[in-house]
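I opened the notebook to go through one structure, step by step.

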Amino acid sequence: MAGRDAETLALERGTPLYVYDLARIEEQARGLQRAFERAGTALRLRLALKAQRDPAVLAFVRGLGPPGSPESVGLDVCSPGEVRHAIANGWEPGEISYTGTNVSERDLDEILAHGVHVNVDLVSQLERFGRRARGREVGLRLNPRRGAASGAGRGHLYSGGDRPSKFGILEEQLDEALEVARAHRLTIDTVHFHVGDGFLNDGLPAFEEAVERIAAMARRLAVAGCPIREVNAGGGLGVPQGPGQAPLDLDAYAGILVRHLAGLDATIACEPGDFLVKECGVLLARVVSVEERGGVTFVGLDAGYNVAPEHFIYGAPLEVVLCRAADAPPERPVTVAGNINEGDDLFAEDLPFPEAREGDVVAMIGVGSYNQSMHLDHCLRPPARVVAFADRS
Ligand SMILES: Cc1ncc(COP(=O)(O)O)c(C=O)c1O
């Protein structure tokens with residue numbers, strides 16, 4: 001990891017241990033920014049804070065560019081706690097974009113006091129926002145009824161499949177939204193959409209359809225007099241997680257957005273979580289037991305699903321590697337079990353694995369997003385330790 005020996009790090013610092021290779025975040029951020037430059041525009045890039053909020057990681061992301069500069073990375077937040085965390089870690093309110101759901105009066109009072117820009121995702125939320133913040137600028141999260149994913153994916157959770165999703169104002173609700181905005185003298189200045197989850201190149205045609213529909217909805221708002229200054233394409237960009245998967249073609253991604261949105265004269269923004277931080281993180285754990293029972297070999301770890309919930313909550317793929325013999329041929333299938341007192345605390349089942357021994361160190365690869373930030377207090381097992389490297393030794 002970051003040029004260091006993973007086993008040594010685990011033994012020196014203790015496990016479970018997240019190790020972050022921060023340079024990977026910079027590579028991903030610059031890759032996206034450069035792709036938009038090649039497509040003829042400057043991207044406003046933000047990190048989805050819910051994916052990764054470790055202070056050491058945030059200090060590095062903050063250092064990628066001074067506030068408001070083209071190299072800087074702002075933050076997408078979705079709760080009052082995230083607004084506070086963003087500001088405490090050095091972001092200015094103008095660099096923070098709030099896109100949350102089911103925002104209460106209490107939430108709004110706190111968010112508005114900080115002066116961050118808010119995108120609302122329901123007409124009734126716009127009404128609530130208007131009552132609380134007459135005359136302010138606001139964004140609309142729109143739902144184009146088209147989701148993007150790779151393979152089966154989870155894009156439909158954001159923009160709906162057979163049934164509507166819980167997010168976003170639908171095309172037929174635009175007039176109603178405009179009326180509510182007028183009644184409260186709100187200025188609709190942003191169009192937001194988040195329609196994907198982990199999409200790679202095979203998800204781009206569906207993403208393009210979503211962008212086309214969003215562009216049409218944004219034009220309707222513009223014609224109705226809304227000064228749309230930003231179109232925020234959300235996150236959902238994937239990274240390869242399986243054999244044979246190619247990285248997302250960033251020129252194709254940027255090209256789709258620029259082609260369909262150019263006429264609006266708005267800044268294009270996006271706010272990935274996975275794409276920016278997933279690949280930077282590895283979780284190291286020690287093997288505490290190896291035992292065969294009933295024909296199954298259990299490899300038990302000193303880490304459980306509480307420290308790395310993504311695989312368990314979202315069903316995300318998880319690669320587990322034996323650090324001592326990372327490239328050794330598998331010896332037998334094993335079940336990799338955690339230290340939470342629940343039967344489904346299993347990191348892998350029937351995983352072809354080299355011979356494992358007590359005291360070995362295993363690494364879970366590509367866990368930089370939606371893991372440390374989703375720690376659970378289950379069984380009062382503490383959060384994993386963290387070490388982050390900005391250089392590759
Ligand atoms: C509004 C919004 N923006 C950005 C993201 C980040 O998504 P991802 O990590 O898939 O890029 C999410 C994730 O759910 C989201 O809901």
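Below are my entries on what I looked up.

**Entry on the strands.** I note at the start that this is a predicted model. I began with strand β11, residues 267-270. Which way does β2 run relative to β11? I find the two parallel, with 3 bridges joining β11 to β2, residues 43-48.

I then turned to β10, residues 230-232. β10 and β11 also run parallel, and 3 bridges join them. Here Asn232 stands opposite Ala269 of β11.

Which helix belongs with β10 and β11 in a β-α-β unit? I traced it to α10, residues 250-261. The unit is right-handed.

**Entry on helix packing.** I stayed with α10 and checked how α2 packs on it. α2 covers residues 23-38. I get an angle of about 55° and axes 9 Å apart. Why do I log the pair as oblique? Angles of 65 to 115 degrees would count as roughly perpendicular and those under 35 as roughly parallel, so α2 is oblique to α10. I also logged the handedness of the crossing of α2 and α10, which is right-handed.

**Entry on the ligand.** How many residues lie around the ligand? I count 16. The nearest are Ala48, His194, Gly235, Pro272 and Gly273. I sorted the shell by residue class: 7 are polar, 5 nonpolar and 4 charged. Ala48 is also a residue of β2, whose range is 43-48.

Conventions:
Residues are numbered from 1 along each chain as its sequence is written. This is a predicted model: local features need pLDDT of at least 70, side-chain atom pairs count only at pLDDT 80 or more; totals for chains, interfaces and linings use all residues. Two strands pair if DSSP finds at least two bridges between them. Helices (H or I, at least four residues) and strands (E, at least two) are DSSP runs, numbered from the N terminus. A crossover is right-handed if, with the strands pointing away from the viewer, the path from the first strand over the helix to the second runs clockwise. A residue is near a molecule or strand if its C-beta atom, placed from the backbone, lies within 6 Å of it. Ala, Val, Leu, Ile, Met, Phe, Trp, Tyr, Cys and Pro count as nonpolar, Asp, Glu, Lys and Arg as charged, and the others, Gly among them, as polar. Axes are lines fitted to C-alpha atoms, for helices over the stretch in contact, and angles run from 0 to 180 degrees between N-to-C directions. Angles under 35 degrees count as roughly parallel, over 145 as roughly antiparallel, 65 to 115 as roughly perpendicular and the rest as oblique. A crossing is left-handed if the near helix is turned anticlockwise from the far one by less than a right angle, and right-handed if clockwise.
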